[in-house]
Amino acid sequence: MPEFIGTGEIILLSITRFWPAWLAIAVTLGVCWPLRERLGVFGRLYGSRIGMAGLIFVLFWVFTAAFADQIAVLGPLEQSFSPGMKKGLPGITDTQSGIVFIWGGDNLARDIFSRVVHGSRIVLLVAPAATLIAYMVGLTLGLPAGYFRGWSDTISSFLANLILAFPIILLFYLLVTPEVRIPHPVDLGIFTIPWSIPIGMAALFFLFPIIFLCTMWFTKYESNKKKLAIYLAVTLVAGLWAYSGLVFNSDPLGILSMEPNELNVFAAVILGSSPGVFRIVRGLTMDIMTRDYVAAAQTRGERPWYIMLWEIMPNARGPLIVDFCLRIGYTTILLGTLGYFGLGLQPESPDWGSMINHGRPFIRLATTVHLALFPALALMSLVLGLNLLADGLREESLKD
Amino acid sequence: MFIFILRRIGAMLATMVAMTFIVFYLVNLPGNLEKIAKTESNMRMSDEEVASWLERKGYNRPFLVRYGEWIAGTVQGDMGWSRVFRKPVREVVGERLGHTGILMFWVMIVMVPSALTIGILAGMREGSLLDRNLSVASIASTSAPEYVTGIVFTVIFASFFGYMAKDVGWWPDWLVFKGVAKAGKVTVENFTLPVMTLAIYGMGYIARLTRASMVEVMTSQYIRTARLKGLSFRVVVLKHALRNALITPFTVIMLQFPWLLSGVVIVEAMFNYKGFGFILVSAAGNNDIDLLLAISWVAVIVVLLTQLISDIGYAYLNPRIRVK
């Protein structure tokens, strides 16, 4: 017969097992406390209770992801072979190894606690990175759309509205089905690259950060040729290296690579969230365009792209930072939706959406609800933290 | 106004054509066609047999010709045949859209009044204890996507309460809800969980917007004048502030439809409710071409029509825009 520990012990262990995360939060907040005057709006978060609560939630998951190997007691795919561990209730103790499964075991006798902890790594890697790239896409297209208006605005707005009007799940289904995502080798003469629609989308989206950064350096250091050359060279070398490794899995050094499944999910999530960024950037640009400093820059004879990137964008940063926080949460939800429908990552992957999907058939029995409940609560607490943080930031930035 | 509506309808048609074109392209990729051939006739067909089957069924004709045929058929009201449900697409979509419509109706009935109430209560006294509590609650509700709240609700209201009622025996039976919702049976037991799950996620969002709009109205000049004239707080809120504060939420409620649509897919899959979202999942999973195309344009019409209604309604409610 398997042994169990009591509810009090489960709660205690659920707190103490995260000690590296708690320690890291304490250190971070302690170090930033004396510097709060210099941190701008982030430093003023110390004064907002809601923002602080959100920050702690977010930092908790960030540090859990960073120290996942120290916090998790087992690997994400490790199974227990002791009797009774399958779908074991929370607090069940493995009689062979003596390890306590504080959040229970799943239907393959894996430790749900360890899987949730390892899953945080996937979620916290993909969601912010995808949001960042979606931002680059949204900024590169939204700034000129709001600045120039005209036909380019009409076309990009039409595309954004098209994607927003699409039932997003249908789009995900169509893009991530196995038939669509199998890469075909395409011979380009010099070398062969794998090609499929998701890879093509990723190839398009990953170009935007490089274009965006290059345009920034071009406009800023146009007169200072030496500095421009250095910045451009660094951006292009690093960017193209990451590009070849991440998109086409053909990094010449063999360091950077991405699972094809992860790339698909990445591309799908960027596609889903960039139209929203586009709209907000376009709206902000149109608003800021009416300010005097933009008129002053225009009179000075600055180029349009300089005005967009170095006059309008820095002045839009307040709302954009808030929206960025909200959007990471939204991206996390999208990622979970993909997992929930079993699209995207490998079925055994410990990301929270896939775990919820696997636990879903078991939620109707009171004894097996923990399979889906714990990853669901984890996802909710992360998104809640991001939303609270965004709310705190908004309140603090309104005080200016 | 008339020109505005015409232009909107033109954009809508363009969106529909573009979207069905994309869907048509994706479902007709070679891999997908091969899957159709294999599921329709024989899973173990060789590549040559697949090619000849596709040739025979007319899938090898030029892409644009077949797309044109599909458009011609749809315009005449013939949406084609659903392979998964073995019925004409028109029947499948009509029936299931009805089921989802009933669900949406109840969601709106629950969501809109409660969200507006929360928003107005929070916004009428900015910074009060009630405001802070309600705001945090709204943020929490927008942080929980449907697949999280659905699971939490099922766990509490179906699994745990069911266990309490059946095995422990001291829990009223009427407080046990079903974790599975049967389409077309509108009962409390059947509908509570899906409606609650769908309503909660949107509720926080609308409540926050209503709060922001209410706060703005409450700080405006005419409200101060009304207060200074000696009107009671209740009269000021109910008679003067409310009307103006509700303009923004109204338009946003209509814009919730695209988002409700994807929520519906999640909830219908979770509660096994056989509605529009359920056929979307089965059609997408089985590459049911005609059904997928019909679903996508029906969805687009719903989304864009609600946008149109929201714009017209906004112009109607807000005289400042109407005059322009």
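How many residues does the contact take from chain A and from chain B? The contact takes 37 residues from chain A and 42 residues from chain B, where two residues are in contact if their C-beta atoms, placed from the backbone, lie within 7 Å. This is a predicted model, in which local features need pLDDT of at least 70 and side-chain atom pairs count only at pLDDT 80 or more, while totals for chains, interfaces and linings use all residues. Residues are numbered from 1 along each chain as its sequence is written, and chains are lettered from A and ligands numbered from 1 in the order in which they are written.

**View 1. The side of chain A that touches chain B.** The elements of chain A that give two or more residues to this side include helix 6 (150–165), helix 14 (317–340) and helix 16 (370–398); helices (H or I, at least four residues) are DSSP runs, numbered from the N terminus. Helix 16 of chain A gives the most, with 10 residues. The residues of this side divide into 28 nonpolar, 5 polar and 4 charged, where Ala, Val, Leu, Ile, Met, Phe, Trp, Tyr, Cys and Pro count as nonpolar, Asp, Glu, Lys and Arg as charged, and the others, Gly among them, as polar.

**View 2. Surroundings of B:Ile151.** Not counting residues up to four places away in sequence, B:Ile151 touches A:Ile356, A:Ile363, A:Ala372, A:Leu373 and A:Ala376.

**View 3. Helix 6 and helix 11 of chain A.** Helix 6 of chain A packs against helix 11 (residues 260–288) of chain A at an angle of about 130°, with their axes 9 Å apart; axes are lines fitted to C-alpha atoms, for helices over the stretch in contact, and angles run from 0 to 180 degrees between N-to-C directions. That angle makes helix 6 of chain A oblique to helix 11 of chain A (under 35 degrees counts as roughly parallel, over 145 as roughly antiparallel, 65 to 115 as roughly perpendicular and the rest as oblique). In this contact, A:Ser156, A:Ala160, A:Ile163 and A:Leu164 in helix 6 meet A:Leu271, A:Pro275, A:Phe278 and A:Arg279 in helix 11, and these residues divide into 6 nonpolar, 1 polar and 1 charged.

**View 4. Helix 7 and helix 12 of chain B.** Helix 7 (residues 146–168) of chain B and helix 12 (residues 257–271) of chain B pack at an angle of about 30°, with their axes 9 Å apart, and the two are therefore roughly parallel to each other. B:Glu146, B:Tyr147 and B:Gly150 in helix 7 meet B:Gly263, B:Ile266, B:Val267 and B:Met270 in helix 12.
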